[in-house]
Amino acid sequence: MAPRPDVAFLRQVVLFKDVDEPTLLALWPRLRERRLKKGDVLFRAGERGEELFLIRSGSIVVSTLVTGRVEQVLARLGPGEVFGEMSVLGDEQKRSATCQAESDAVLLGLGRNDLNQFIESSPRDAAKFFQHMSQVAFRRLRQSSDLVAEVTRWGLEATGLDVEHK
Amino acid sequence: MSETPDNATADRPKRARIELLVRSAEGEGFETREIPSALAYLHSRPQRIPDAQWEMARLPYAPRGVVTYALKNRRTEQIIQITDAEKFLWEQMNGHASLQEIATAYLLRYGSFDFEIIPTLIVKLRHADLLTMRPVSRLRAVLARNRRNPAARAAEATLHALEKLTVTSRRSHNVFERIYRYGGFLLFSPVAVVALAVVVALGSRSAVRLWGESGEITHALGEHALAAILLVKLCFWLTVVSHQIIHALACIHYHRRVREFGFTILHGFIPTFYADVTDIFMATRRARIVNALAGPLVHLFLGFLCFWIAGLLRPGLTLGFLVAYAILQVQSFFVSLYPFCFLEMDGYHILVELLGVPSLNHDAMHFVREGLWRRLAARQWLTRQEVICVAYFGLSLVSVVGFILLNVWVLVHAGRS
């Protein structure tokens, strides 16, 4: 459990910004603090996931394997951002990407069971939570589409392919 | 209303970049690298289709003074017309040379560069299915494919570790400009030529005198053999820095840019300093020759300076060290200026400038491997360029074999004595 309830921090997290304070205070003891040193791998793609994480401080780099020791950087996340929700809320419980500390970082983890209890105990706040969660998901989908387009453009430029005139 | 140049630059889409995370061999640390598409493009290695699948013929009906060729894909029956310059580029596209190297070869051959010619030709070749593209390093690709093999894994880890030892500064140009401004320019003045001549004359006189005392010198060295060898090697290695600095200053002298200066492990096993002075290719032929000559002259100067100083000393370890160091420097002067060894060192660059055959090494290897025997079988005369290629290949082969035999002889002789 993280030391003292920090409601101000939870308000910075988009998922909890509209959740009532009593609910946040009740949720706080369920959050487990994780401290990572720079370079520590929190989890790897394919591992089973039971927690979503809120970044309290530091920076997390999200990547996916390309080949050998090379991975593509999908995103960099900073304080107030959330990650790891896909394996907790999605249909597969496997991690979809690798998350690693790019600098010393402090995270708050919320387990699947704790999240379920939060949903069951205050459905009204849960609705606000999921409303913001869907916005986060849509934003990430948009970012993924942009990344696919950028990588495709990179490939065309790197190989000099002239597809417009063939 | 016409678009201003500034607006045009602002509106142009930025080159795409991808960000990669590369893990260390141990799997603990990592680093992220942004790779611009332009860099990947420059490092790509276009490869023409196998020789049996294409043919080329010179077109007789081109306008006067313009040489053009018909290049045919035998499989698809597609034919494209290419110019003489494009034919030169086509010949470079062997899957080994990167686009950057091809562009350099083009520049050396034609003295100027048309930035559109390579992309345009690649598009043309691709439309006719005459080209494939290969990854940057075939060795790395092979090692990556065989990662299950412990030896391949170890080799890959070693290569990676060696790459890590590369230290590069891309902001060295300003430093060299300052060095040049505050005295470096003197190295390219008549004063330097006179100083070099004086030092060589004084050093030669000492060297002749020291020759008579070689017994005492080797005796003094023999008493501290290990220390002497290590000291000489270390000092020599450090003088490689001055060799590279002079190349960089020569680049500044001719108003060209020093792109990089750093330390690397050459060919995966030779620790060395280097200066990227490829911008000198944009300068005149004279500038390129001076640039290539400037580095070896450092060894000549240091070698004879040491001979001169050694001539003023009494027999002992210091004298022995200076003589050994001087011999190594003079040897380096000749080795770096010797062009026939398949390695593209300073002497090679001077030779290709004098002969006007920029890709001599590549051309010679290619011709001897593929064209020479056909020409001999057909009893055809060789062209001037082909004679140059055969001569270069033959002299290089003889030199390399001679060098190996000499070393074997030295080892055997040393073992007996």
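Guide: Two strands are said to pair if DSSP finds at least two bridges between them, and the strands themselves (E, at least two residues), like the helices (H or I, at least four residues), are DSSP runs numbered from the N terminus. The structure above is a predicted model, in which local features need pLDDT of at least 70 and side-chain atom pairs count only at pLDDT 80 or more, whereas totals for chains, interfaces and linings use all residues. Residues are numbered from 1 along each chain as its sequence is written, with chains lettered from A and ligands numbered from 1 in the order in which they are written.

Visitor: What makes strand 2 and strand 7 of chain A a pair?

Guide: Strand 2 (residues 41–43) and strand 7 of chain A are joined by 2 bridges and run antiparallel; the rule asks for at least two bridges, so they pair. Within strand 7 of chain A, the bridge partner of A:Phe43 is A:Cys99.

Visitor: Which strands make up the sheet, and in what order?

Guide: The order is 2(A)-7(A)-4(A)-5(A)-1(B)-2(B), an open sheet of 6 strands with antiparallel pairing. Strand 4 and strand 7 of chain A pair over 4 bridges, and A:Ser63 has A:Thr98 of strand 7 as its bridge partner. Strand 4 and strand 5 of chain A, also antiparallel, are joined by 7 bridges, with A:Val62 standing opposite A:Ala75.

Visitor: Why are strand 2 of chain A and strand 2 of chain B called edge strands?

Guide: Strand 2 of chain A and strand 2 (30–36) of chain B each pair on one side only.

Visitor: How do you know that both faces of strand 7 of chain A are covered?

Guide: A residue is buried if 20 or more other C-beta atoms, placed from the backbone, lie within 10 Å of its own, exposed if 12 or fewer do, and partly exposed in between. In strand 7 (residues 98–101) of chain A, the buried residues include A:Thr98 and A:Gln100 on one side, and A:Cys99 and A:Ala101 on the other. In a regular strand the side chains alternate between the two faces of the sheet.

Visitor: Where does the sheet pass from chain A to chain B?

Guide: Strand 5 of chain A and strand 1 (residues 17–23) of chain B pair in the antiparallel sense over 3 bridges, and A:Glu71 has B:Leu21 as its bridge partner there.

Visitor: How many residues of each chain are in contact with the other, and what makes two residues a contact?

Guide: Two residues are in contact if their C-beta atoms, placed from the backbone, lie within 7 Å; by that rule 22 residues of chain A are in contact with 25 residues of chain B. Strand 4 (60–67), strand 5 (70–77) and helix 5 (123–159) of chain A each supply at least two residues of the side of chain A that touches chain B, and helix 5 gives the most, with 7 residues.

Visitor: Why is helix 8 of chain B called roughly perpendicular to helix 11 of chain B?

Guide: Helix 8 (residues 172–181) and helix 11 (residues 225–253) of chain B pack at an angle of about 80°, with their axes 9 Å apart. Angles under 35 degrees count as roughly parallel, over 145 as roughly antiparallel, 65 to 115 as roughly perpendicular and the rest as oblique, which is why helix 8 of chain B is roughly perpendicular to helix 11 of chain B. In this contact B:Phe176, B:Glu177, B:Ile179 and B:Tyr180 of helix 8 meet B:Ala248, B:Leu249, B:Ile252 and B:His253 of helix 11.

Visitor: Against what do the buried residues of helix 4 of chain B pack?

Guide: The buried residues of helix 4 of chain B are B:Leu99, B:Ile102, B:Ala103, B:Ala105, B:Tyr106 and B:Leu108, and they pack against helix 2 (37–43), strand 3 (45–48), helix 3 (84–92) and helix 5 (117–127) of chain B. Helix 4 of chain B is followed by B:Gly111, whose phi is positive, near 80°.

Visitor: What makes B:His255 and B:Arg379 count as exposed?

Guide: B:His255 has 10 C-beta neighbours inside 10 Å and therefore counts as exposed; B:Arg379, with 6 other C-beta atoms within 10 Å, is exposed as well. B:His255 is placed in the loop between helix 11 and strand 9 (260–266) of chain B, while B:Arg379 is found in the loop between helix 15 (360–377) and helix 16 (384–416) of chain B. Most residues other than glycine have a negative phi. Although not a glycine, B:His255 has a positive phi of about 60°, and B:Arg379, also not a glycine, has a positive phi of about 55°.

How values were computed:
Axes are lines fitted to C-alpha atoms, for helices over the stretch in contact, and angles run from 0 to 180 degrees between N-to-C directions.
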